[in-house]
Amino acid sequence: MLKELQRKIDETQYWDLRILDFQIDYFGDEVNIFIYNDEVTSWRISFSSCYRVEYQTDANWRTITHVSDMRKAQLGYYGQDITLTQNKSLDDFYDVKIDLTILTAKVTCKEINVEKVSNSLVDVFWQ
């Protein structure tokens, strides 16, 4: 199953594509990454039943204090690496290493879903 999930993620060809959003919802139980695909669609990679979510941003060095004040052209989030491994101590959990250029994350979760969604479903703050 791990190889199949990694293949699905890799088939999005996320490398160097614009990341539209990184969302953490439901008290950390779900993480969603939205990746630009074309004018009509984007990819949503969902991680759910999360046990651990850790992330670091560029807040310590960026010149604009709040990301919400940025315009689309100022955002520097691009897909670099999303790698899955089996968690060594929790059965049925995956460890996910995520590099989105200026945001890195580690997620431990049970479920991963990859789907193409309409851009109308992606709520981007700069519009």
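**Salt bridges and strands**

Visitor: Why is Arg-44 called partly exposed?
Guide: Arg-44 has a relative accessible area of 23%. Buried means under 20%, exposed over 50%, and partly exposed in between (1.4 Å probe, protein chains only). So Arg-44 is partly exposed. The model is predicted: local features need pLDDT of at least 70, side-chain atom pairs count only at pLDDT 80 or more, and totals for chains, interfaces and linings use all residues.

Visitor: What makes Glu-115 and Arg-44 a salt bridge?
Guide: A side-chain nitrogen of Lys or Arg must lie within 4 Å of a carboxyl oxygen of Asp or Glu. Here N to O is 2.7 Å, so the pair qualifies. Glu-115 sits in strand E6 and Arg-44 in strand E3, so the pair ties together parts 71 residues apart in sequence. Strands are DSSP runs of E, at least two residues, numbered from the N terminus.

Visitor: How do you know that E3 and E6 pair?
Guide: Pairing takes at least two DSSP bridges between two strands. E3 and E6 have 14, so they pair, and they run antiparallel. Ile-45, for one, has Val-114 in E6 as its bridge partner.

Visitor: What makes Arg-52 and Glu-54 a salt bridge?
Guide: Their closest N and O atoms are 3.6 Å apart. That is within 4 Å, so the pair counts. Elsewhere, salt bridges with shared partners join Glu-4, Arg-7 and Glu-11 into one network.

Terms used
Residues are numbered from 1 along each chain as its sequence is written. Side-chain values use heavy atoms; hydrogens and water are left out. Helices (H or I, at least four residues) and strands (E, at least two) are DSSP runs, numbered from the N terminus.
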